Amino acid sequence: MLEVKNLSVSVHGQPILGGLNLSVKAGELAAIMGPNGSGKSTLAYVIAGKPDYEVTSGEIWLDGENLLELEPDERARKGVFLAFQYPIEIPGVATMTFLKAALNAQRRSRGEGDLTTPDFMRRVREASKALKIDMEMLRRPLNVGFSGGEKKRLEVLQMTLIQPRLAVLDETDSGLDIDALRVVADGVNALRDPSRGFLIITHYQRLLDHITPDTVHVMANGRIVATGGPELAVELERNGYSAYAAETV
Amino acid sequence: MTAHAVLRSNAESTLIKQFEAQGELARSPQRAAAFKRFAERGLPTRRVESWHYTDLRAAMADAAPLAPAPDRTAIETVGRAVKERKKLGAARLVLINGRLIEGLSDSLPAGAAVVSRDGQPLAVDDPMVALAEAMSRADCVVEVSDGAEIDEPIEILHIASGDGALSLYSRMEIVVGAGARASFVETFSGAGPAVQRHALATLTLAEGARLKHAVVVEDRVELHLESQIVDLEAGAELNAFALVSGGTLSRRQLFVRMLGDKAKIALGGLALLDGSRRADTTLQVVHSAPGGTSREFYRAIVDDEAAGTFQGKVIVENGAQKTDGAMKSQAILLSPRAQMNAKPELEIFADDVVCGHGATIGSLDPEQIFYLRTRGVPKDEAEAMLLEAFGGEAIERVEDEALAGALRASFRAWLASRGDRPTEGRA
């Protein structure tokens, strides 16, 4: 479903990705691991359509649709979801108001009507319960004053409500204690589905103790340099990234 | 020749003729003195420091003819329009062209009354205050008696009636007695693009009085010049807010004196500017007594080639110890040609005070817009959400649910009209 072909990306004239190839099939959970600065977050942002990222060559296809021709909100409505490493704080916008706007925007693009308030509230309440999110928190302004764990759980809540076709999780494990990590992992596992693809970006193996990947890619210097199964993550945890980082220099 | 001969601009000459043609009214000593104060100074130019960003003499090519007293037909027409408007509070007063129309107004709730007398002479040193004092034909004085507690707002509708170029003058005086509590909302409405409006309001708060006051400027008036003169005695509290979404050129000036100990003010506003409109808020807050608290919180959204101005001066006089003052002005510019002038000032002559000010001018945060868009929210809607949040934080300080709700509805209507308006690069 996701095909990234020979992708090269520069940010402010600085090349970050150079000829990256990657594919994620429906039902597949792929992990991307790599050292800091290898371009993992850039890949996540480019898939989501962040401005200021200049694609100098290559293509990104989702279900036969050229994502690079779509605006970020169009990509989202086609099924791309990015869970942010650092979710953005938006003062003055109640979290609940934001959730409703997001869900309804997605529904409208599918030709469905807006959710009624009781229906919306029921969905939010159910999804929040599993993620141990207090409804009181959802009345506060979006991400403002939330702890790191609260922000990440809210990202997973949004993903649960939106039910994306492709979920990209950018360092969702960073800043989480072990309990929060388990809650977040359970949330991701609950969404695993033969029709959905996951791209999980992480620096450490510890998230993959709770979410078993189908595929593990190693990224270094803006490219995928190795691909394997879950055992590759274990090997990386033991030996570090030095072998891969050195290879491409 | 008289001393008036030194005045040169067309508008100034017309104003002199208009005042002299008022006959008996012009001969009242209070109005004559006020007009003399105006005539000595003339229309302010940018050389007057407090008018630096609004060159009124240049902007006012001429003074429009004085609006006539409304006739029966005009009163009936306004009456029908007013009936359609949702009432904001307990009672409504309707003024047409600056004159209170009793037939369209409600009787006020117990504890409040319209009093038949002229407004008090004003000691504010500003030519436009003097002009409005001299030219206003019928002062509207509302008194809230000592200890009265009025929960629901009293609405004052200032309606313009008549076609083409007109000058309107109005003068309100709101006097809140000791320990009394009341809230008022003044709405300026109905003026067309050739109307020049001069509005004067004095708010006088006796000891321990609490007043909430909101102003809405929503019509397409050419010129909206409004002066608010506020005096607070000991322990009095004022919360005053203004939503400005109309007017080609608007200038709101506030002169606040905190005369008694431990008085409290919270001033705020939201200016919504598009096209080539100009809006200027200039305020002066004087702490004359110890233990006072002042908060100013103003926000502006400026689009197209519009320009906003905020000038705030807080003066803490010698002896006003333990003053606690904080002033903030924030603006979002939505277009590269939009402009905001912010000039906060503090003058402190007491040594034991806590005072601060801050001003920010920026654009919408692209990171916030991107985040919303990654959830499927279209760009226009994402921008509207952020603008609504930005303005909403100013409105929420009104601390009166009925008033805040009405202000929010006007604000949303402005945001919605922004989406409908053709802008550059968008057909």
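Predicted model: local features only at pLDDT ≥ 70, side-chain atom pairs only at ≥ 80, totals over all residues.
Two strands count as paired if DSSP finds at least two bridges between them.

Start with strand β14 of chain B, residues 278–287. On one side, strand β16 (residues 307–316) pairs with β14(B). The two run in the parallel sense, over 10 bridges. One bridge can be found by eye: R278(B) has A307(B), in β16(B), as its partner. Strand β12 of chain B, residues 249–258, also joins β14(B). Again the strands are parallel, and 10 bridges link them. Here, look for F255(B), which stands opposite Q284(B) of β14(B).

Buried here means a relative accessible area under 20%. In a regular strand, side chains alternate between the two faces of the sheet.

Now move to a loop. S105(B) sits between β2 (99–100) and β3 (112–115) of chain B. Its relative accessible area is 17%. The cut-off for buried is 20%, and that is why a residue with a value under it is classed as buried. S105(B) is therefore a buried residue.

What surrounds this serine? Beyond its neighbours within four places in sequence, S105(B) is in contact with R92(B), L93(B), V94(B) and L100(B). The side chain of S105(B) has a polar atom 2.8 Å from the backbone nitrogen of V94(B). A polar atom of that side chain also lies 2.8 Å from the backbone oxygen of I101(B).

Finally, turn to the interface with chain A. Here 17 residues of chain B are in contact with 33 residues of chain A. The buried area is about 2,000 Å², with 64% from carbon and sulfur atoms. On the chain B side, F370(B), Y371(B) and R375(B) lose the most area to chain A. Together they give 39% of what that side buries.

Charge also features at this interface. The rule finds 5 salt bridges across it. One of them joins E71(A) to R373(B), with the closest N and O atoms 2.9 Å apart. Which elements of chain B give two or more residues to the side that touches chain A? They are α7 (366–373) and α8 (379–395). The residues on that side divide into 8 nonpolar, 3 polar and 6 charged.

Notes. Residues numbered from 1 in each chain as written. Chains lettered and ligands numbered in written order. Heavy atoms only, no water. Helix = DSSP H or I, 4+ residues; strand = E, 2+ residues; numbered from the N terminus. Buried < 20%, exposed > 50% of the residue type's maximum accessible area, 1.4 Å probe, protein only. Contact = heavy atoms within 4.5 Å. Polar contact = N/O pair within 3.5 Å; in protein donor to acceptor, adjacent residues only side chain to side chain. Buried area = accessible area lost by both parts, 1.4 Å probe. Salt bridge = Lys/Arg side-chain N within 4 Å of Asp/Glu carboxyl O. Nonpolar A, V, L, I, M, F, W, Y, C, P; charged D, E, K, R; others polar.
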